[in-house]
Amino acid sequence: MNRFLRTIGLILLFLLLFAAAAFGGEERAKYVFLFIGDGMGEAQVEAAELYSVASENGPLALRGLAVRGKISTRSANAAVTDSAAAGTALATGFKTNNGVLGMDPSGMKKLPTVAEVARDRGMKVGVVTSVFLNDATPAAFYAARPSRTDFYEIGVQMVESGFDYFAGGGVNRRAGRKGDLKDVYDLAREKGYRVLRTRAELAAARPGTKIIAAASVGGALPYETDRPAGSPSLAEFTKRGIELLDNPNGFFMMVEGGRIDWACHRNDAAAAVRDVLAFDEAVKEALIFARARPNDTLIVVLADHETGGMRVDAERAAANLFPALSAQRESSESFDEKLERFRKGTARTFERMAPLLAESFGLHATSSAGRAALDARAKKGDGAARTALLSALSGEELDELRTAFAQSMRAKEQRKKDRDYLRRYGPYEPLSVTATRILNRKAGVEWSSFAHTGADVPVFAQGAGAARFAGEYDNTNVAEKILSVLGKR
Ligand SMILES: [Zn+2]
């Protein structure tokens, strides 16, 4: 190669590196979405994907994002984090102790959050969740308290944040522990917020007003499985948020799928999967927005931790996950209420409970002759027989249900909660947990815990600056990556 060509080559290389720095490494986003699936590990995503594909709704949108990463999740004082410490790590870039919100482990020093940085740079800020607005994950973006259970103080900090859009269940303990403090919604109105309680009010809201949209009386949104027709979804709150926050200075929006975690604590795969799907619908709203502004929008989807030690047996689940889980008609939490009424009634026999188990979970008691007949038909390719066989209870499963039923029929204070009881049922209704666990096994889903685990969790990203979110890193690195994409102004 002669000297001239070598010089040209060097110039080209230099230009390429310069271009990479200018357009790749230094990419800026004006519109930033951070989606947090609470408790959503790899298995929860995989189960939801199988369910979605089998129900002919196609693959998950979040799994289609171009960039993949993985984050470690431990907190400052524990291998297994809670949502307060995990939310704080994601929002501020610093580890803290479990239970602490937006502060260092001493609970003395407030840590600034990415949402506050965005606000101070003149961007609009939205916080959307399917649980209550002052629960740990949303609160990690606007509050600083030594304890995540300081709900009232956290609610007060919410209205003092000056953020533009809050939407979700509502504010928990909004008049304080004893109910004698000034209502957080009244404080919000004094600060210029409009507190909206109905879908119609939210639909009529205009950009430029600060909004708190609270769909429930202090609680969470219903599980997606139980959501009544006409009540707002997480996707609807996200879509409305985008419309209200859109402005020339850009916005930062955090959207939490909070009930994925609650379902996983209960080992209820059907409820968890449908809440992952509801979360994915919210991600789709961001993708629709990004289509018109691909160079200015960053979408990051991740989890704060895994819940339940969920495992998916790929082969079994490929065939059985959808037929088994789609037979479940309500969440196990909703079934608890049925159980409560049953306990208060007369004739409390397992035989009278069995039809309720069939109705809510699709679990049927079948004689051994009946099973053999179904088996023969299924082997000849009869699909209906295959599904019926899947939901047929074995003698062992019936025994498991009878034992749990006997416990559930006792008054709560009369149950002997020894080690064996807690290993089987945790703090939940024995019959509800046993029914979902049996159904989940048939679906190819197993649980190892009623609590959070220390597993790494997945990251999906797309858009301006998304390349930064590739690879394996710690949950504390997420905030700095978001800040670098926001850039300096
Ligand atoms: Zn949890």
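This is a predicted model: local features need pLDDT of at least 70, side-chain atom pairs count only at pLDDT 80 or more; totals for chains, interfaces and linings use all residues.

User: What makes the domains here, and how is the chain divided?

Analyst: Domain bounds come from an automatic or database domain assignment. Here that gives domain 1 (29-310 + 451-486) and domain 2 (323-446). Their C-alpha centres lie 33 Å apart.

User: How do you know how many residues of domain 1 are in contact with domain 2?

Analyst: Two residues are in contact if their C-beta atoms, placed from the backbone, lie within 7 Å. By that test, 15 residues of domain 1 are in contact with 15 of domain 2. On the domain 1 side, helix H2 (42-54) and helix H11 (269-292) each give two or more residues, and H11 gives the most, with four. Helices are DSSP runs (H or I, at least four residues), numbered from the N terminus.

User: Why are H2 and H11 called roughly perpendicular?

Analyst: Axes are lines fitted to C-alpha atoms, for helices over the stretch in contact, with angles from 0 to 180 degrees between N-to-C directions. The axes of H2 and H11 cross at roughly 80° and come within 9 Å. Angles of 65 to 115 degrees count as roughly perpendicular, so H2 and H11 get that label.

User: Which residues of H2 meet H11?

Analyst: Among them are Val45, Ala48 and Tyr51 in H2, which meet residues of H11 including Ala272 and Val276.

How values were computed. Residues are numbered from 1 along each chain as its sequence is written. Angles under 35 degrees count as roughly parallel, over 145 as roughly antiparallel, 65 to 115 as roughly perpendicular and the rest as oblique.
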